[in-house]
Amino acid sequence: MHIPPHDNGNKPIVDVDHPLVPLNYFNIVKLKPGETYDYRLEAYETCIVPATGTVTVETAGETFADIGHRGEDVWDGDPEGVYVPTGSGARITARTETEVFIAGAKFATTLQPFAIRKDDLDLVQYGSDDTKTHRKIKHILGANHHDRVGRLLVSELFTVGAGGWSGFPSHKHDTDRLPDETRHDETYNFRFKPNYGSGLQMLQRVDNEPGDAYHIMDRSTVLIDKGYHPCCALPGYEMYYFTILGGLSQRSLKQYFQPTHAEQLHTVPGIMDMVAKFK
């Protein structure tokens, strides 16, 4: 499902128990300096990540100051964030004009809050210019935090260079059937540089049968409930997407690669390192 760019007025874009991705929650909050935003989710753990600007976060009796240091856009530096436990109220106070992502996954247990700073990120770069698959991933809640989080995985993905494919070889993760695959709902929010760029999100639900394709633009949101889902940026444009994954029964993601294209795993440099980091 494609949700076109729009002003959500600080209201959830993907609310609790969404019919397509019930394991996910997603909101974008825009604040001016000194403004605050409060929320509490009883059944979802969340992660607050400034897309731009700097915030202070208060949650579960702790205060995390000066989170986020990016300026104009998501290409301007590395992300930071705060993990907010299930059922815990959170207050976001803007130190500067800011745009904040709130990512969530359904999880019943209340854990402890913590901050994710630049040095805590889990970084991966894979693919190649020749295969048009060159990209960089900044895992905010990735393998480095596997023992501190319930079911939530949060990452930022960047195309390296202008144009190219991401999420290829095509894979899915819509069914719990270990050891081959896990059920993880996924939500994306896209950005392009320059911001008038655009791209394509594919969603092929059955191998070798026609699927759907969505024209994605700057600030498009895409919900991945089922099927193989590669995406690409038009030549001449850089693409970024904020990624939320929520597992049904475990946090570690087990992807199932599309049989028709599985041999391409041997043509994309470093892809198995990427797979190993989704934990």
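This briefing covers the pockets, strand pairing, nonpolar cores and backbone features of one structure.

The model is predicted: local features need pLDDT of at least 70 and side-chain atom pairs count only at pLDDT 80 or more, while totals for chains, interfaces and linings use all residues. Residues are numbered from 1 along each chain as its sequence is written, and side-chain values use heavy atoms, with hydrogens and water left out. Strands are DSSP runs of E with at least two residues, numbered from the N terminus.

**Pocket and cavities**

- On a 1 Å grid over the protein atoms alone, a cavity is a set of points where a 1.4 Å probe fits but cannot get out, and a pocket is an open set with protein on both sides within 12 Å along at least five of seven lines; lining residues have an atom within 4 Å of a point.
- Grid points are joined across faces, edges and corners, and a volume is the space filled by probe spheres set on the points.
- The largest pocket holds about 240 Å³ of space.
- Its lining has 14 residues, and Glu72, Asp73, Asn195, Asp218 and Arg219 are nearest the centre.
- By class, this lining has 4 nonpolar, 3 polar and 7 charged residues, where Ala, Val, Leu, Ile, Met, Phe, Trp, Tyr, Cys and Pro count as nonpolar, Asp, Glu, Lys and Arg as charged, and the others, Gly among them, as polar.
- Strand β16 (residues 181-193) gives the most to the lining of the largest pocket, with 3 residues.
- There are 2 cavities of 30 Å³ or more in the structure.
- The second largest cavity, of about 30 Å³, has a lining that includes Lys172, His184, Asp225 and His229.

**Strand pairing**

- Two strands pair if DSSP finds at least two bridges between them.
- Strand β17 (residues 198-203) runs antiparallel to strand β18 (residues 212-217), with 6 bridges.
- β17 also pairs with strand β20 (residues 231-233) in the antiparallel sense, over 3 bridges.
- Gly199 has Ile216 in β18 as a bridge partner and stands opposite Ala233 in β20.
- β2 and β8 run antiparallel and are joined by 8 bridges; Ile28 has Phe101 in β8 as its bridge partner.

**Nonpolar cores**

- A nonpolar core is a set of buried Ala, Val, Leu, Ile, Met, Phe, Trp, Tyr and Cys residues joined through side-chain atoms within 4.5 Å; buried means under 20% relative accessible area, exposed over 50%, and partly exposed in between (1.4 Å probe, protein chains only).
- In the largest core, of 28 residues, Leu141, Val154 and Phe242 have the most contacts inside it.
- Strands that each supply at least two residues of this core include β2 (24-31), β8 (98-106) and β21 (238-247).
- Leaving aside neighbours within four places in sequence, Phe242 is in contact (heavy atoms within 4.5 Å) with residues including Phe26, Val49, Phe101 and Val154.
- In β2, 7 of the 8 residues are buried.

**Loops and backbone**

- Arg205, in the loop between β17 and β18, is partly exposed at 32% relative accessible area.
- Among the residues that Arg205 touches, not counting those up to four places away in sequence, are Asp212, Tyr214 and Asp225.
- Asn208 is in the loop between β17 and β18; its phi is near 65°, a positive value in a residue other than glycine, and at 59% relative accessibility Asn208 counts as exposed.
- Cis peptide bonds join Phe168 to Pro169, with omega about 5°, and Leu178 to Pro179, with omega about 10°.

Methods
Helices (H or I, at least four residues) and strands (E, at least two) are DSSP runs, numbered from the N terminus.
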